[in-house]
Amino acid sequence: MTRVHIIGTGGTIASRSGQAGAGAEGMGHVDGSVASDTIGDLVASSPAAAAHEALQVTTEDVMTLGSYRLGLPEILEITAAALTRAAETAVDGVVVTHGTDTLEETAFLVDLVNGTDTTVVFTGAQRAADQPDSDGPRNLRQALTVAADPRFRGMGALIAFDGRVQTARGARKAHTTASQPFDGGATVGLFRNDELDLVARPARPRALALPGPGFGTTRVDVITAYPGSSPDALRHAAQSGAAGAVLAGTGVGNAGPGHADAVADLVSSGIPVVLSTRVPSGPMVPIYGNGGGVDLIAAGAVSAGHLNPFQARILAAALLSGNPSTTEFTTLFSELR
Ligand SMILES: NC(=O)C[C@H](N)C(=O)O
């Protein structure tokens, strides 16, 4: 019998309104939704998940948090749990239920380190578990279908959401409330009602080793360029303890006056700067001088390629937690981006 293991982490799919604890931070949130359901609750209350009678489903809660509360230690904890289960020979597929706010970060770390043939399928919901028409049960059912399907093995980490199955790499939450919040990854599968079509296979780089606990405290700041932005933000990041920085440039990866000098300052003091773009889609491409991307790369920045700033940050933190030299960092980042 096909076995799928589900890891619960919280998010809207596990949230209910008006729970005790809403407003616990004393910020006047009287009826804020709070992640509270265990994955066992979700499976038990979901006829959709129960409909998978042909599957042996096992569950585990790693945490029950809105994903906006996660830091790197929690992302590492979820990743380690997913990788442990993926490596078990008795497990055919792994599903992770996760808040959508930062799902792209956790799923990308899992994708980077998953060298097993067992795919880890992330899903969640945009409407809380106690709302009418919550999308959680349908998304969970579809994620189970993907995780159990042998055609989708060896794909690292995927996101199954609202009828679409896409790679974690490249994914980005692109809509705050729409039932399909994600954009950016490559589409590998599409649901026709309950039928799942395989439409593409992703190309993946070699797997990175799971970072050690130092990942949790490796600070990589994301700094955005905009008209009039101060290059001092980069220097401040370095002075206040960042081990690296990601510059989300304008356009193909540019920044205004002074940023190239700031990049050179950081890189010369051993703090790598990755150059990405604040534009939602498309790669960083060095085209412009006069402080643009050509000059930022010449100053020592490493191109993020197709990675958005937040996934670039995850790869940078994973590499920096292993204390590479600047040259090693550049080589590894360029290989795995
Ligand atoms: N739709 C969601 O899951 C959003 C939620 N705020 C979270 O990331 O936990």
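This is a predicted model: local features need pLDDT of at least 70, side-chain atom pairs count only at pLDDT 80 or more; totals for chains, interfaces and linings use all residues.
Close-up 1. As for handedness, helix 6 and helix 7 make a left-handed crossing.

**Close-up 2. Who touches whom between helix 6 and helix 7.** On the helix 6 side, the contact is made by Leu234, Arg235 and Ala238. Helix 7 brings His259, Asp261, Ala262, Val263, Asp265 and Leu266 to the contact. Sort the contact residues by class and you get five nonpolar, three charged and one polar.

**Close-up 3. Strand 5 is mostly covered.** Zoom in on residues 93-97 and you'll find that five of the five residues in this strand are buried. In a regular strand, side chains alternate between the two faces of the sheet. For strand 5, Gly93, Val95 and Thr97 sit on one side, with Val94 and Val96 on the other. Both of these faces are covered.

**Close-up 4. Strand 5 pairs with strand 1 and with strand 6.** Strand 1 (residues 2-10) runs parallel to strand 5, and five bridges join them. Along this pairing, Val4 stands opposite Gly93 of strand 5. Strand 6 (residues 120-123) is also parallel to strand 5, joined to it by four bridges. Here Val95 has Val121 of strand 6 as its bridge partner.

How values were computed
Residues are numbered from 1 along each chain as its sequence is written. Side-chain values use heavy atoms; hydrogens and water are left out. A crossing is left-handed if the near helix is turned anticlockwise from the far one by less than a right angle, and right-handed if clockwise. Helices (H or I, at least four residues) and strands (E, at least two) are DSSP runs, numbered from the N terminus. Contact means heavy atoms within 4.5 Å. Ala, Val, Leu, Ile, Met, Phe, Trp, Tyr, Cys and Pro count as nonpolar, Asp, Glu, Lys and Arg as charged, and the others, Gly among them, as polar. Buried means under 20% relative accessible area, exposed over 50%, partly exposed in between (1.4 Å probe, protein chains only). Two strands pair if DSSP finds at least two bridges between them.
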